[in-house]
Amino acid sequence: MTATVQENPAKEKPAQEKPIAKVEIKGSADDYDPRRDDTASKTVILNAEIMKYGDTNVFDILKRAPGVTVIGNSIRMRGLGGNYTQILVNGERPPPGFSLDNLPPEQIEKIEVIRAGTAEHSMQAIAGTINIVLKKVVAKRQRDLRINGSRSDRNSGLFVNGTLADRDGDLSWFLNGALGRFRYDTPGTGRDQFTDPFGAVTKLRDSERYSSGSNSYVGLGPRLNWKLPDDGQLNFTGYLNAMRGDGAYGSHYDYRLGSFNATDYADYAADNDIHWRSAYGELNWITKLGGGKLDAKFTGSWRESKRGVRSLSTTADRSVVYRRDENMDEHNTAWSSSGKYTRTVFDDHALAAGWEYNRQRNDEEVTRIEGRIGVERPMRERFEPVVSRFAAYGQDEWNITKQWSIYLGARWEGIRTDSAGTGLSMTRSTSHVLSPVAQTLYKFPDKSGRQLRAALTRTYKAPTLQQLTARRYYAEENSRFSPDNGGNPDLKPELANGIDLTYEHFWAPGAVFSVGTSQRRIRDYIRSLLHQEADGTWIWQPINSGRATVRTFDVDVKFPLKALMKDAPAIDLRANFNRNWSTVDNVPGPHNVLSEQVPLTATLGIDYKGPTHSAGASLAFRGGGEQRVSVEQYRQQFRRRDLEAYWLYKFSARHQLRVTASNILGDDNPSYSRYVDAAGSNENWGYTPDSARLSVNLELKF
């Protein structure tokens, strides 16, 4: 809180005009905690917490966030994969080419973990939203360099990130540069088996797979901030990125029994190269207007990528050699406009209203030479999908009493997808969703830190561009084990009506205990089905498949050891437990759950922060089990344990070293699926080895 007091300009000194004195009275914000005090339910990780343990990327930070599961570089809530969790940067979807891997924690002002939908953000968030808010204003001069190296049995990487930042009067500027190189070598094994209805194995083959390559990345991110009169701001943010990669991959099959196709290819070998470059710019204007504040943005982005793949498939006796050479040239352009107007009315109402518009166009050209050696045929295809998104919203946060507040909002979103391509008819898909939301917070009047939350939401998940277009992706060898992939222009968005109930107890400074439950009732659930067309071709294709239900129960505990023992060292303890259930109505049970949902996650963590060094460890467990995707399809999700530990040493206030070990237990990655119909049962086993990973991060400030 800042108050400005000015002396009366009419009162003059005898000899000269008395100068205007400006006095700032700053109130402490230490007592404000967004997780505890905001009506709209969210956990806010502020910059001080982000930097506390020297985490090197967003994924490490979110591993400590309640209700969040991090699997590799996939961020999930409620155990749901498949884009059910919305990832935003500054309240918007990240531009093409933006990577969370390359975002230094120093640039982040805060991270919002939003479990229930809010009108000001897109309601494409059935599981929840992660909003990463970047710093706009540079508070002080900054010169730093971060060098990160990592290595395991399967991959290695080197990443360098540097920052220059300063301010001069009302102008502050920020420039971040990054470059890196990553190498990988991933072997694997597998088995495909077909069993007839009488239990006899009639087809069996084993496989060995390999994949290796490298990627190089360079990026530049400038930001400028001008302070305008009356607390106004004019901000510019930009990104320039480029990546180049190459790889080789393939497989070898040993046919133990029977024939899988008209031509059984024993060896497949391919190499690929890819490079892309992208640019993004955002202009942001903040000003006072009509007693309130207007925050408006205009953004534009461009991305160009080129990819080439060359492959050969051969039979065991090399009598048949099948060649496919493919080159893809893609151009992506997008622009958007958004704005938010906020105003306080009658001291008890915080009103907000806003709009969003986004238009994205993809121009993709594919040239391909395909066929048996000697009889190859050239092909040329072009695809031109265009996606337009519209949104408008309003919300009100009303403090009815000191203990009770209500949040009410509504958001209308519309999406139109126009798709055209070589050999495809022009298709148009339109959808719109009106999403009301209501949340309430009640604090017990005894000042014990106990409170109750409730939320009613309507969220949705729109089909992806790839799911909507009629474009088809052809397999090298079409069979039940390697089908084609196609889209479905008739897909509708998944709609979810949800309820959340949470009890929270902030029982000591920095300590919280919460227990919550939720339900999402989904309509027009989208799932991918494997089926055989009239000509015998196998294809994966998405369809709307009735209703599904998701239920969760979660417990989160976090506290400093000092909350139990006054003279305890600076140790923080944390634990969370999430149990997730789901059912798909149109799929018979048991195990008719949403695809990729993790049924159980549990994490235990300990962190120590000392004057010169910090350390910590966490153990995460993910449950598994069988999942029935359709009447015919089954998948197995395997249990996994992830033990991670880190050590941070500060040589001085400007130099520090962090060493992290992950996957210390060395869990590997198995897979299993089967397809059962009247003809018999197809089963697929896969195995990819993994190993412990060591990462070293050196931070230098100048």
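Predicted model: local features only at pLDDT ≥ 70, side-chain atom pairs only at ≥ 80, totals over all residues.
Local features need pLDDT of at least 70 and side-chain atom pairs count only at pLDDT 80 or more, while totals for chains, interfaces and linings use all residues. Residues are numbered from 1 along each chain as its sequence is written, and side-chain values use heavy atoms, with hydrogens and water left out.

**View A. Salt bridge between Lys306 and Asp329.** A salt bridge is a side-chain nitrogen of Lys or Arg within 4 Å of a carboxyl oxygen of Asp or Glu; the structure holds 55 of them. In this pair the closest N and O atoms are 2.9 Å apart. Lys306 belongs to strand S15 (residues 292-314) and Asp329 to strand S16 (residues 321-345), so the bridge ties together parts that are 23 residues apart in sequence. Strands (E, at least two residues) are DSSP runs, numbered from the N terminus. Lys306 is partly exposed at 32% relative accessibility, and Asp329 is partly exposed at 25%. Partly exposed lies between buried (under 20% relative accessible area) and exposed (over 50%), with a 1.4 Å probe and protein chains only.

**View B. Salt bridge between Glu326 and Arg307.** The N to O distance is 3.7 Å. Glu326 lies in strand S16 and Arg307 in strand S15, so this pair joins parts 19 residues apart in sequence. Glu326 is buried, at 16%, whereas Arg307 is partly exposed, at 28%.

**View C. Network around the Glu326 and Arg307 side chains.** Salt bridges link Arg307, Arg324, Glu326, Arg368, Glu370 and Glu381 in a network.

**View D. Salt bridge between Glu413 and Arg411.** The closest N and O atoms are 2.9 Å apart. Glu413 is buried, with a relative accessible area of 7%, and Arg411 is buried, with 1%.

Terms used
Helix = DSSP H or I, 4+ residues; strand = E, 2+ residues; numbered from the N terminus.
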